[in-house]
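Me: I would like to learn how to read the features of a model such as this one, taking one kind of feature at a time. Could you show me the structure and then work through it with me?

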Amino acid sequence: MPAIKSSADLRNGYNEISNFCHTYNEPVFITKNGKGDLAVMSIENYETLMGKFELYGLVKEGMDDVAAGNTRPFKDAMSDIKKRRKR
C-alpha cells in the first residue's frame, strides 16, 4: 500500500516523511487539493532508480543492434579488446 500524504503533511511533517523514505526505500505520494501532485523519495532511492533506467536504455540499444544485425562474433570482439589492452 503506497504512503500518501497531503501537501500540508509535507510542510508540517517533513522529518517524518524523510524518515519514512529512508527507512522503507519507498516513495511518499503527496496530494494537493485531494489529487496526486508529487512523489517524494530518498536521494539514494532516486539514484538507484536512475541507474536502472540507464541500464535498461543500454540493454535496449543492444537489443536494437541485434535486431538490426549490427553484431559480430564474440571471438572477434575479444580479439579487439585484447589488442587495445596491449597498447
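Reply: What follows is a conversation about the strands, a ring pair, the core and some loop residues of this predicted model.

Me: In what order do the 3 strands stand in the open sheet, and what is the pairing?

Reply: In general, the strands of a sheet pair through backbone hydrogen bonds, either parallel or antiparallel. Here the order is β1-β2-β3 in an open sheet of 3 strands, and the pairing is mixed. β1 (3-6) and β3 (35-40) each have a single partner strand and stand at the edges, so one side of each is left without a neighbour in the sheet. On average, and with direction ignored, neighbouring strands of this sheet are turned by 35° against each other.

Me: Which helix packs on the sheet, and which strands does it touch?

Reply: That is helix α2, residues 14-24, which touches β1, β2 and β3, and whose direction makes about 145° with that of β2.

Me: In what sense do β2 and β3 pair, and over how many bridges?

Reply: Strand β2, residues 28-32, pairs with β3 in the antiparallel sense over 5 bridges. As one detail of this pairing, Lys32 stands opposite Lys35 in β3. The loop between β2 and β3 holds Asn33, which counts as exposed because its relative accessibility is 75%.

Me: What should I look for in the phi of Asn33?

Reply: Asn33 is not a glycine, yet its phi is positive, at about 55°. Asn25, in the loop between α2 and β2, also has a positive phi without being glycine, in this case near 50°. With a relative accessible area of 48%, Asn25 counts as partly exposed.

Me: How many aromatic pairs does the count give, and why is the pair of Phe20 and Tyr24 classed as it is?

Reply: For such a pair one reads the distance between ring centres and the angle between ring planes, where an angle under 30 degrees counts as stacked and one over 60 as edge-to-face, with the rest called tilted. The count comes to 1 aromatic pair. Its rings, those of Phe20 and Tyr24, have centres 4.9 Å apart and planes at 45°, so the pair is tilted. Both residues lie in helix α2, 4 residues apart, which is about one turn of the helix. As for accessibility, Phe20 is partly exposed at 25%, whereas Tyr24 is exposed at 51%.

Me: Which residues make up the largest nonpolar core, and which elements give two or more residues to it?

Reply: The largest nonpolar core has 5 residues, namely Ala3, Ile17, Cys21, Val28 and Ile30. The elements that give two or more residues to this core are α2 and β2. When residues up to four places away in sequence are not counted, Ala3 touches Phe20, Pro27, Val28 and Phe29.

Me: Is Ser42 buried or exposed, and what does its side chain reach?

Reply: Ser42 sits in the loop between β3 and α3 (43-68), and at 2% relative accessibility it counts as buried. The side chain of Ser42 reaches the backbone nitrogen of Asn45 at 3.1 Å. Leaving aside residues up to four places away in sequence, Ser42 touches Cys21, His22 and Asn25.

Definitions and conventions: Residues numbered from 1 in each chain as written. Predicted model: local features only at pLDDT ≥ 70, side-chain atom pairs only at ≥ 80, totals over all residues. Heavy atoms only, no water. Pairing = 2+ DSSP bridges. Axes fitted to C-alpha atoms, helices over the stretch in contact; angles between N-to-C directions. Contact = heavy atoms within 4.5 Å. Phe/Tyr/Trp six-rings, centres within 6.5 Å; stacked < 30°, edge-to-face > 60°. Buried < 20%, exposed > 50% of the residue type's maximum accessible area, 1.4 Å probe, protein only. Core = buried A, V, L, I, M, F, W, Y, C linked by side-chain atoms within 4.5 Å. Polar contact = N/O pair within 3.5 Å; in protein donor to acceptor, adjacent residues only side chain to side chain.
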